[in-house]
Amino acid sequence: MSSAATADTASVADMRTPTIETERLALRPLTVADAPHIYASWTSDPDVARFMVWELHESVRDTVAWLTDMEASLESDTSYVWGVVLKETGLLIGSVGIAFVPAHGCFELGYNFMKSSWGVGYATEAS
């Protein structure tokens, strides 16, 4: 949300996949251009995919297809996905998302990070 907007005055457009910063992280929309790095860093890693709702990506084409869907939903008001970037280095280390699940009547939060970024609190911080 822009610094000028408040909860009462924010337009719907202000809420559509904004860029967010925390102390150590920048959360930004993912793009298809991120596919080679994402594939090499986590979508092809069986340890990362083990507990995800998505299957292990067998090729960068799988990651491109996923990111194409993410780009198409940037204007959604029920699904948000961000790339998680270390502010200090600019390295894209994972993704975090929130999506409304009609069957449950609530939003679900999910995240995945490259293994070298596990255990240092990035998921908590990004959440």
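1. Of the 15 residues that line the second largest pocket, M52, Y111, N112, F113 and W118 are the closest to its centre. Two or more lining residues come from each of α2 (46-49), β5 and α4 (122-126), with β5 giving the most, 3 residues.

2. Before going on, a word on the model. This is a predicted model, in which local features need pLDDT of at least 70, side-chain atom pairs count only at pLDDT 80 or more, and totals for chains, interfaces and linings use all residues. Residues are numbered from 1 along each chain as its sequence is written, and side-chain values use heavy atoms, leaving out hydrogens and water. Helices (H or I, at least four residues) and strands (E, at least two) are DSSP runs, numbered from the N terminus.

3. Next, the sheet. 5 strands form an open sheet in the order β1-β2-β3-β4-β5, with antiparallel pairing; two strands pair if DSSP finds at least two bridges between them. The edge strands, β1 (20-21) and β5 (106-113), each pair on one side only. Strand β2 (residues 25-29) runs antiparallel to β3 and is joined to β3 by 5 bridges. P29 has W82 in β3 as its bridge partner.

4. What lies across β4 (92-101) and β5? Helix α1 (residues 35-43) does, running at about 85° to β4. Axes are lines fitted to C-alpha atoms, for helices over the stretch in contact, and angles run from 0 to 180 degrees between N-to-C directions.

5. Helix α3 (residues 60-72) holds T63. T63 counts as buried because its relative accessibility is 0%; buried means under 20% relative accessible area, exposed over 50%, and partly exposed in between (1.4 Å probe, protein chains only). Leaving aside residues up to four places away in sequence, T63 touches A35, I38, Y39, T43 and H57, where contact means heavy atoms within 4.5 Å.

6. E71 also sits in helix α3. At 33% relative accessibility, E71 counts as partly exposed. Its contacts, not counting residues up to four places away in sequence, are L30, T31 and V32. E71 and L30 are 41 residues apart in sequence and 7.1 Å apart in space, C-alpha to C-alpha.

7. Now for the largest pocket, with a volume of about 540 Å³. Of the 22 residues lining the largest pocket, the closest to its centre are V53, W54, V81, G97 and G110. β4 supplies the largest share of this lining, 6 residues. On a 1 Å grid over the protein atoms alone, a pocket is an open set of points with protein on both sides within 12 Å along at least five of seven lines, a cavity is a set where a 1.4 Å probe fits but cannot get out, and lining residues have an atom within 4 Å of a point.

8. Finally, how many cavities of 30 Å³ or more does a search of the whole structure find? The search finds 1, and about 40 Å³ of space lies in the largest cavity. T17, P29, L30, M70, S73, L74, S79, Y80 and V81 line the largest cavity, and this lining has 6 nonpolar, 3 polar and no charged residues.

Notes:
Points joined across faces, edges and corners; volume = space filled by probe spheres on them. Nonpolar A, V, L, I, M, F, W, Y, C, P; charged D, E, K, R; others polar.
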